[in-house]
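Biologist: I would like to learn how to read a ligand site and a helix pair. Please take me through both.

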Amino acid sequence: APAALPTAARTFPPGFLWGTATAAYQIEGAAAEDGRTPSIWDTFARTPGKVRNGDTGDVATDHYHRWREDVALMADLGVGAYRFSLSWPRIQPTGRGPAVQKGLDFYRRLTDELLAKGIRPVATLYHWDLPQELEDAGGWPERATTDRFAEYAALAVEALGDRVHTWTTLNEPWCSAFLGHASGVHAPGRTDPVAALRAAHHLNLAHGKAVQALRAGLPDEADVSITLNLHHVRARTDSPQDADAARRIDALANRVFTGPLLSGAYPADLLTDTARLTDWSFVRDGDTATIRQRLDFLGVNYYTPTLVSAADGTAADHSFDGHGASGHSPWPGADDVVFHRPPGSTTAMGWAVDPSGLHDLLLRLKAEVPDLPLMITENGVACDDYVDPSGTVHDPDRIAYLHGHLAAVHRAIEAGVDVRGYFLWSLLDNFEWGYGYSKRFGAVYVDYPTGRRIPKASARWYAEVARANALPEAAEGV
Ligand code: GBH
């Protein structure tokens, strides 16, 4: 045989879903229109010192007014699915009572337009924008919030269940619980480790109740899921001390969610590790049964791996462990664990580029929950895009990142992992939480503040991958 046969095209399974993703607060703007009231992110962003440059989502990418143009952009890209989130305070401003019709109408128009263009809508109920009134009543550390969430889920599915058949309850409850309540770098900015553990449980419970509400309003063939930012945790050495550090972070990052969601129990080691802080009496009889609902798929968001060791006496570098500037840890009971920068190049966020973390994470999930289909609900990168004098936006680092991570997904599929689709984060440059508009994750460039959209080179590259349902040989394929 000839020595240099071309390697087989890396084709994805038939029907593999190609999409892009966004979230309401990051793109919509129109913060005070049509009855919308503040969420915890409006409050947080308006608090001096919380978000870089004092940026807020008041205008964001103005998607609330430019939605039709944004759907047209997606249609031009030819990508088959769009993952977006519903703004809770736009639909139910106080977090209680009847829905605001104008708020629902926005999502009706948006989803009608998506369906008219042949794009599957994938709706997330909660991407971090709790109505401020519910925060004032105690927020996620308070159990009653789980019932408010179930009521909101019922309103959303009643209005949209006829056209949206793919639903996700929560986006990344780890961030809501631990960045929001322990390190305080996300809204509501609390720094109380016990409140964070309570929030984690109530987010799990809210998910379980919301799945029941969603299923009650959906046809049998609809898909219901949750999206987790699972951490691929590696130990720096194979010493027992470092392995134990990795185990503890794995419990707080992953198993605090996957335990009750997939196995119906909180892991025993997590309860032991945090026993100094709490006896977990906020978990009541029956809660874990409520949390363990059948899932049609698990949404996985992946950006970078996590590398840890036991404390070794050197000063910790908190630039990649989610610590707040004030030094509060997002890891209750494990603030002695040291985080290290993984090897390799880093992105504009300072996160290491390592597709093997995604591959290994997918294989772990297959080993632990073999029958659960997976969906990559976010993957992408902030990098320094270059706008040339003709106005073309070049982002070779993004193309390379996407190529490497899609190759990792493809390898996992070849190894037997049931991955159903991939959503690029993000369709548009947008409000990157604590970093404001200083970081650009979009495949489409947004010129602030005119709002003009310019597809980057990566958008054209991704459109071609989706069209072919296959990866080109090299990153610079088109
Ligand atoms: C996602 O969060 C969000 O769903 C999305 O809204 C956001 O725009 C996007 O990613 C890009 O950030 O924080 O120091 O512990 C991802 C959040 C990023 C949290 C990686 C954990 C690890 C480094 N995750 N992070 S650190």
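Modeller: Start with one atom pair: a polar side-chain atom of Glu-432 lies 2.6 Å from an oxygen atom of the ligand. A polar contact is a pair of N or O atoms within 3.5 Å. This is a predicted model, where local features need pLDDT of at least 70 and side-chain atom pairs count only at pLDDT 80 or more, while totals for chains, interfaces and linings use all residues. Residues are numbered from 1 along each chain as its sequence is written, and side-chain values use heavy atoms, leaving out hydrogens and water.

Biologist: Which other polar side-chain atoms lie by an oxygen atom of the ligand?

Modeller: One belongs to Trp-425, at 3.1 Å, and another to Tyr-303, at 3.2 Å.

Biologist: Which residues around the ligand come nearest?

Modeller: A residue is near a molecule if one of its heavy atoms lies within 4 Å of it. Of the 18 residues around this ligand, Gln-26, His-127, Glu-172, Glu-432 and Trp-433 come nearest.

Biologist: And the helices: at what angle do helix 14 and helix 15 pack?

Modeller: Axes are lines fitted to C-alpha atoms over the stretch in contact, with angles from 0 to 180 degrees between N-to-C directions. Helix 14 (residues 396–414) and helix 15 (residues 457–468) pack at about 30 degrees, their axes 9 Å apart. Angles under 35 degrees count as roughly parallel, so helix 14 and helix 15 are roughly parallel to each other.

Note on methods. A polar contact is a pair of N or O atoms within 3.5 Å; within protein, one must be able to donate a hydrogen and the other to accept it, and residues adjacent in sequence count only if both atoms are side-chain atoms. Helices (H or I, at least four residues) and strands (E, at least two) are DSSP runs, numbered from the N terminus. Angles under 35 degrees count as roughly parallel, over 145 as roughly antiparallel, 65 to 115 as roughly perpendicular and the rest as oblique.
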